[in-house]
Amino acid sequence: MKHIFIWGFITLSILSVGAWWAQPEPVDQRAEQLAFFLEYADHDQSGTVSPTDLHEFLEALDRNNDGVISRNDIDETTPWDEAELIERIIDEFDEQGDGQVRPQDFDRAFEFLDRDGDGLLTEADFPGEMPTEIIWVSDDNPVRREQIRLFNRLHPDTQLTLDPQNQGMEKVIVQSVGGVGPDLFDAYDAYQLSAYVRAGIAKDLTDIFEERGISIDALWPGLLPVITHEGRIYGHPTNVAANAVWYNKRIFDEAGIPYPTDDWTWDEAIEISQQLTRRNERGVIVRFGIIGNWDWKLALFQHHADFFNEEGTRCILDRPEAARALQFMQDLVHKYEVMPSAEEESALASAGGWGAGALSLFGAERGAMAIGGRWWLCSLRDESYDHLELGAVRIPGLPMPDGTISHRVNAYGRGTLINNASENVEEAVDFLEYMHGPEYNKLINRQADALAPVREYSYTEEYLHNPDFPEEDYNEVWRSVLEDAAAEIPSPFINGQTVQRILNVQMDLLRANLKSGEAAGRDAARRINEEIVRTLERDPELREKYFEALERGAEPAWDDEADAPR
Amino acid sequence: MTRRTRTTLTALAFLMPNFVGFCVFMLWPVVFSFGVAFTNWTLIRTVPLQFVGLENFIEMFSSDDFWLYFINTGYLMLGMPFAIAGSLFLAIVLSQKIKGTVVFRTLFYLPTFTAGVALFILWKKLYNPQFGPINVLLQEVFGLSAEQTPSWLSSTRNVFALAVEQVGIDPAQFGLGARDAIIIMGIWVAVGGANMLLYLAGIANIPRDLYEASEIDGAGVWGKFRHVTWPQLAPTTFFIVVMSFIGGLQGGFEQARVMTEGGPAGTTTTLAYYIYTKAFEEFQIGYASAVAWVLFTIIFAITLVNWRFGSRYVNY
């Protein structure tokens with residue numbers, strides 16, 4: 001018996017030590033880069049690396065003598081170890097995210113690593129302490145890593161690590177409630193922000209932003225609901241976008257149709273789309289005139305239809321303008337046959353992952369035009385899409401009953417929030433401050449990860465004309481649609497996932513032509529209003545706010561007092 | 001300390017790690033969820049935690065969604081008899097002494113140990129309404145037009161013409177849709193799986209002299225199956241039926257999560273998926289726990305019925 005306990009204790013101890021030892025240590029990027037240079041750039045084995053050594057190192061690898069290290073320096077004669085070295089250099093030091101490492105990139109790295117400032121890289125420059133690691137749960141889009149690398153370079157005592165595996169509101173909330181949440185995480189809409197705030201996970205940054213001089217007045221207003229809740233600030237936008245129409249110039253040229261212009265209307269767009277739709281010998285549509293994630297929200301905004309009344313006390317999708325908007329989306333599929341139905345879209349789709357769906361279909365030329373955002377360029381710049389000749393134009397205008405033309409669209413994007421339980425708040429706020437600064441905003445615009453969150457950086461020549469991509473002559477379009485973009489205002493009296501669940505059912509039926517726009521809007525409104533009542537019955541604090549709003553004249557979610565919250 | 005006591009304590013010591021793990025990770029959460037089912041617990045700070053009695057259960061039973069998803073759960077179990085019959089058929093065929101049975105057993109068992117997500121992605125491609133092999137086969141071999149072939153995962157139709165948003169019948173919904181697609185896929189996965197192995201083991205244990213006796217009595221193939229094989233496999237069948245009911249009532253989550261997100265229009269949302277969305281997307285933990293316990297009660301009741309009436313036909 002005694003032996004069992006002894007051996008059991010030994011086994012448990014070994015397992016515990018093993019588990020502790022197997023935990024990944026935070027990687028000190030500075031130390032890794034310094035060790036890299038000392039190993040590969042120290043030609044004379046003197047234990048020191050000077051700026052001249054670095055330049056000679058770069059020249060030695062620049063096989064095609066174009067002044068930069070890129071994958072163009074790798075060919076079939078390149079030894080595999082040298083090819084690996086070039087790949088590693090691009091991975092570590094490519095600041096612009098364009099696959100090229102320039103001498104000035106090495107110069108900046110040198111300054112970053114030369115801790116003692118003696119003009120040489122030596123063993124003495126190895127950092128004494130590990131940087132503070134902060135974790136950011138976000139998507140691993142193609143340009144994210146460059147955004148993070150730049151931050152780490154500017155803040156050598158902090159190491160921001162991306163965790164794309166734990167995305168999803170449910171994961172973040174459950175992990176945070178369990179005490180193992182990330183330092184930073186994203187909210188994709190105002191509902192998610194509301195859920196995070198009400199769960200006590202999002203940190204109130206209003207006072208901190210004021211101390212640091214971060215002003216939300218500098219931001220695009222369309223995304224403020226994603227970072228502000230009941231007048232308080234909880235995060236900073238990561239980027240911001242509004243949709244326009246991408247078009248494939250080659251398809252237009254083949255069909256002999258002039259490119260669309262910003263003053264086009266939906267009638268013209270439908271006519272063009274019908275001309276550009278192609279069917280195979282079985283009558284199946286193989287190329288649609290226009291595609292794009294069947295964006296019914298866009299239609300609502302353009303028809304000046306809102307989800308909720310101003311105070312958020314009642315869902316108003318049963319109003320005539322909403323019915324018109326939803327019917328319009330159904331007609332695009334079933335009456336005009338210019339957009340795919342759900343089954344047609346699934347038939348054409350073949351790819352998954354980030355930015356898939358309409359982007360992939362457009363890239364595969366399954367659509368002559370596509371409703372999408374500037375962030376599509378993160379993928380469309382890839383050489384696999386070189387066959388596309390791209391143009392962009394505003395969403396077609398919608399003639400309104402009052403004779404005006406509506407170009408109103410919805411703004412969208414992400415906001416990055418800080419975890420209330422984070423032990424590294426200062427470092428996390430540094431990251432949000434970096435998002436407000438010139439380096440980050442210029443990088444976002446350069447990378448075309450939608451548009452920079454701070455407005456002023458989208459009103460520069462640098463934004464309009466990127467010298468690395470001179471063919472992108474449409475950046476003005478993305479800025480102008482954002483100027484027309486409105487924010488999606490949620491209701492504070494219902495969970496956003498509940499709204500989404502109800503809307504998904506109605507939109508599925510609408511798109512499948514099983515319900516009219518009016519019926520879908522009416523049924524969605526009825527069910528959402530019923531859920532508002534249920535929410536008020538569960539949450540006394542919300543109930544109090546709700547009735548205060550009613551006293552101010554807001555319309556309730558019920559028509560009959562018998563349906564009022566018990 | 002007597003030898004018997006020492007032996008007992010030693011046995012308990014070996015059992016303790018597993019038992020402690022069971023208590024911590026299974027028993028305690030189950031008991032905890034039972035308590036939570038009678039509260040209004042959400043992850044929202046502004047909602048004070050309160051005992052609400054049977055409110056969650058009343059809300060659930062008066063909710064259209066619950067009954068629709070309960071019907072979906074039952075609907076997806078319609079493939080069960082076909083899966084069991086298919087497993088029995090395969091087991092009978094593979095128990096014959098013919099060349100290649102080992103290879104075939106392995107091939108039929110492959111879907112069982114293939115990752116579910118991989119299978120679901122594969123079947124999504126197969127169900128592609130325009131270019132998927134299934135619809136192409138229907139068009140080429142049976143001469144159906146593109147409009148006549150089912151839309152499968154994009155369609156709310158079903159063989160019982162069940163309405164979409166309320167409990168009832170809607171003739172316009174007659175056809176093959178997402179639910180039927182999932183049933184067909186489920187049969188394909190289950191036919192060569194664990195049930196087939198159980199039947200193979202059961203068949204191997206049938207005394208040969210029973211077959212010899214039946215041959216002497218003039219029984220043909222069908223007679224031998226009906227009077228020897230089927231009765232002798234009664235215990236195995238009983239076990240498979242009970243376990244299939246339990247698994248079927250709990251199932252549908254993976255398919256909904258990966259293939260359809262519960263759609264189109266909620267037609268592939270089962271009770272298991274409903275519990276997940278209520279708990280982790282809408283944060284109504286109390287309500288979700290109540291649904292979970294109702295599901296447990298249903299499973300328990302059906303299992304009891306199975307034991308009570310099914311066991312009559314089992315001869316050991």
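## A buried helix in chain A

The buried residues of helix 6 of chain A are A:Arg144, A:Glu146, A:Gln147, A:Ile148, A:Arg149, A:Leu150, A:Phe151, A:Asn152 and A:Arg153. Buried means under 20% relative accessible area, exposed means over 50%, and partly exposed lies in between (1.4 Å probe, protein chains only). Helices (H or I, at least four residues) and strands (E, at least two) are DSSP runs, numbered from the N terminus. Helix 6 covers residues 144–154, and nine of its 11 residues are buried, so it is largely enclosed by the rest of the structure.

## Model and confidence

This is a predicted model, in which local features need pLDDT of at least 70 and side-chain atom pairs count only at pLDDT 80 or more, while totals for chains, interfaces and linings use all residues. Residues are numbered from 1 along each chain as its sequence is written, chains are lettered from A and ligands numbered from 1 in the order in which they are written, and side-chain values use heavy atoms, with hydrogens and water left out.

The predictor gives the complex an ipTM of 0.84 and a pTM of 0.83. Chain B has a mean pLDDT of 91, and 99% of its residues reach 70 or more. The pLDDT score is the predictor's confidence in each residue, from 0 to 100.

## Chain B as a whole

Chain B has 15 helices and zero strands. Its C-alpha trace spans about 80 × 75 × 35 Å along its principal axes. Of its 316 residues, 44% count as buried.

Contact means heavy atoms within 4.5 Å. Among contacts in chain B between residues at least 6 apart in sequence, 61% join residues at least 24 apart.

## Two helices that cross

Helix 11 (residues 221–232) and helix 12 (residues 234–250) of chain B have axes that come within 4 Å and cross at roughly 55°. Axes are lines fitted to C-alpha atoms, for helices over the stretch in contact, and angles run from 0 to 180 degrees between N-to-C directions. Helix 11 of chain B and helix 12 of chain B are therefore oblique to each other. Angles under 35 degrees count as roughly parallel, over 145 as roughly antiparallel, 65 to 115 as roughly perpendicular and the rest as oblique.

Helix 11 of chain B contributes B:Trp230, B:Pro231 and B:Gln232 to the contact, and helix 12 of chain B contributes B:Ala234, B:Pro235 and B:Thr237.

Most residues other than glycine have a negative phi, and most peptide bonds are trans. A:Gln45 has a phi near 55°, a positive value in a residue other than glycine. A:Gln45 sits in the loop between helix 2 and helix 3 of chain A. At 65% relative accessibility, A:Gln45 is exposed.

A:Ala448 also has a positive phi, about 60°, although it is not a glycine. Its place is the loop between helix 18 (438–447) and helix 19 (461–464) of chain A. A:Ala448 is buried, at 0% relative accessibility.

In chain B, the peptide bond from B:Gly263 to B:Pro264 is cis, with omega near -5°. B:Pro264 lies in the loop between helix 13 (253–260) and helix 14 (271–281) of chain B.

## Around helix 3 of chain A

A:Ser50 lies in the loop between helix 2 (29–40) and helix 3 of chain A. A:Ser50 is buried, with a relative accessible area of 15%. Not counting residues up to four places away in sequence, A:Ser50 touches A:Phe110, A:Gly119 and A:Leu120.

A:Glu59 belongs to helix 3 (residues 51–61) of chain A. A:Glu59 is exposed, with a relative accessible area of 55%.
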